[in-house]
Amino acid sequence: MAVSADPQIAIIGSGISGLAAAHRLVNAGFHHVRILEATARSGGRIKTGRLGNNITEIGASYIHGPSEGNPVFCLARDYGLLDPEALTQENQVVDYNEHIPWVPNWFSSSGQKLSAELMKPALKMFEELLDDTFQFENQQGTLWASVGHFIRSKARRRAAASWTDKDKSTRELLLSAISAMLKFECCANGTPTMDEIDLAGFNVYKSLPGLDCTFPGGFEGLIENLMSELPSGLVTYNRPVRCVHWNNTESGVNTVTVECDDGERIAADHVIVTVPLGYLKKHHSTLFCPPLPTHKLSSIQRLGFGTCNKVFVEFESPWWDADCEVIYLVWKDEEDVLDQVSNMSWIKKMSAFTVQKPSERYSHVLCGWIAGHESEYMETLPEQDVRFAITELIRTFTGNPTITPRRILRSQWFHDPWTCGSYSHTAVGCSVQDMENMMEALPTKGSQSQPLQVLFAGEATHPYYYSTVHGALLTGWREADRLISHYSSISPCPDQKL
């Protein structure tokens, strides 16, 4: 079969992984690269918004592990998008093993501010329990079904053994604080409950050194810089893809046909699919013809993909301490260590607010975090209902009936038809093999068909940086490099970096 020396390459999705793949290919000398984007914008789950004069991150918030090993950090630094403190050597070598040393404020549902000293044993125990999960990495057949099961059972036993010097109400309060942190951990993992996170797979995720940092001008600045370096017209917007027809041995040179919703059919030698795992879970049966191989489908189904939403809330003045970085809300009746509530009381799932850096002198903004089915339900409510619920929540916990938010802004990732959620996680029952299946190109090895017809990129296809922007970016580079390597013997090109 003849192979084009300058192949037609279609990329589905203009998120960070699609843009990274296009960059790599264009810089390596490929001239026929095209991105098909379903929406009117590039960036995907990187999305910057505004609340009054404040920059808010509707999607990705942080550079996780801003150090030399993180390509997002290196790009942001080179583009001049970071604050000076994020660039210091001291900041890059800090390694807290995912325990970000935020200064906390604690509030109780009885309307009291709790002292940080009083709550320290709960924070310490929760961090120790998370660290204890490392012993189960890649271990099969544990006594506990999930991370949630492990933390709940261990927390209750350790509380009984370690907090003997505390009275019953203090022990119950501290266990309720662990519930709050467990709910917040659901947000970090994009899961409805930590009961859905595999204990052996939990620490497959690898963290990088560096104290997490943000983009002062918004994460979308990274997308704008990448876009400015691509040839104009490379991205076609408002062009959803209906079906990828692959393994077409009759067509000669172009073995893949991308069928768009508007009926356009695009012939290609290779297609890089960068759609979110949530979209794949929902649409794989119609998105590929012939269907994906059974082992790949099984991995798509086994891997987890959940929702984490944010609600930004602006106030006239702060009701938290000047040095506060995170606010924990402790419900006094949750000493059983819970991380799920009913839709009727969805607001109880919002257990933490992070304090946003002021972007102007009189700006006071918190970001409330909520994950899971309660978060998905929150998306369906009118904005005024969400604002009312947040107002009542804060008045209840502060004991101040006059606090009133100026305005709110929320994300709605579950009902976004092109994402169907936020990011991936290692669900109970999934394995490293599932991660490898996710990044496998089609046709699979051993097939007589032309190789590398359909390639897969995106955060859910990275074996240990899943759920992150740097993971997504690296997968875009990986698939571009796969094609560059494939063609290097036909038309050698220098592999240039972004």
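## Basis and confidence

The model is predicted, and local features are reported at a pLDDT of at least 70, side-chain atom pairs count only at pLDDT 80 or more, and totals for chains, interfaces and linings use all residues. Residues are numbered from 1 along each chain as its sequence is written, and side-chain values use heavy atoms, with hydrogens and water left out.

The pLDDT, which is the predictor's confidence in each residue on a scale from 0 to 100, averages 92 over the protein chain, and 94% of the residues score at least 70. Residues 492-498 have a pLDDT below 50, and this stretch has 17 contacts in the model beyond near neighbours in sequence, a contact being heavy atoms within 4.5 Å.

## The parallel sheet

Helices (H or I, at least four residues) and strands (E, at least two) are DSSP runs numbered from the N terminus, and two strands pair if DSSP finds at least two bridges between them. Five strands make an open sheet with parallel pairing, in the order 7-2-1-11-20. Strand 7 (235-236) and strand 20 (454-456) are at the edges with a single partner strand each, so one side of each is left without a neighbour in the sheet.

Strand 1 (residues 9-12) is covered on both faces, with I9 and I11 buried on one side and A10 and I12 buried on the other, where buried means under 20% relative accessible area, exposed over 50% and partly exposed in between (1.4 Å probe, protein chains only). Strand 1 pairs in the parallel sense with strand 11 (residues 270-273) over 4 bridges, and 4 bridges also join strand 1 to strand 2 (residues 33-36), again running parallel. Residue I11 has I272 as its bridge partner in strand 11 and stands opposite I35 in strand 2. From strand 2 the pairing continues to strand 7 through 2 bridges in the parallel sense, with I35 opposite V235.

## The mixed sheet and a hairpin

A second open sheet to consider has 7 strands in the order 6-5-15-16-17-14-18, and its pairing is mixed. Its edges are strand 6 (113-114) and strand 18 (407-410), each with a single partner strand, so one side of each is left without a neighbour in the sheet.

Strand 3 (residues 48-51) has one covered face, formed by G49 and L51, and an uncovered face, formed by T48 and R50. Strand 3 pairs with strand 4 in the antiparallel sense over 4 bridges, with I55 of strand 4 as the bridge partner of R50. The two strands form a hairpin with 2 residues between them, and G52 in the turn has a positive phi of about 65°.

The buried residues of helix 9 (residues 277-287) are L277, G278, Y279, L280, H284 and L287. Their cover includes strand 8 (241-245), strand 12 (288-289), helix 10 (294-302), strand 13 (304-306), strand 19 (423-425) and helix 13.

Q453 is placed in the loop between helix 13 (432-438) and strand 20, and is buried, with a relative accessible area of 1%. Leaving aside residues up to four places away in sequence, Q453 touches W246, N247, N248, T255, V256, D269, H270, V271, L442 and P443.

## Cavity and pocket

On a 1 Å grid over the protein atoms alone, a cavity is a set of points where a 1.4 Å probe fits but cannot get out, and a pocket is an open set with protein on both sides within 12 Å along at least five of seven lines; lining residues have an atom within 4 Å of a point. Grid points are joined across faces, edges and corners, and a volume is the space filled by probe spheres set on the points. The structure holds 1 cavity of 30 Å³ or more, and the largest cavity contains about 80 Å³ of space. Its lining has 14 residues, with V275, L277, A457, A460 and T461 nearest the centre.

The second largest pocket has a volume of about 1100 Å³. It is lined by 39 residues, of which Y62, T214, V355, Q356 and K357 are the closest to its centre. Two or more lining residues come from each of strand 4 (54-57), helix 3 (84-87), strand 14 (308-315), strand 16 (352-355) and strand 17 (364-371).
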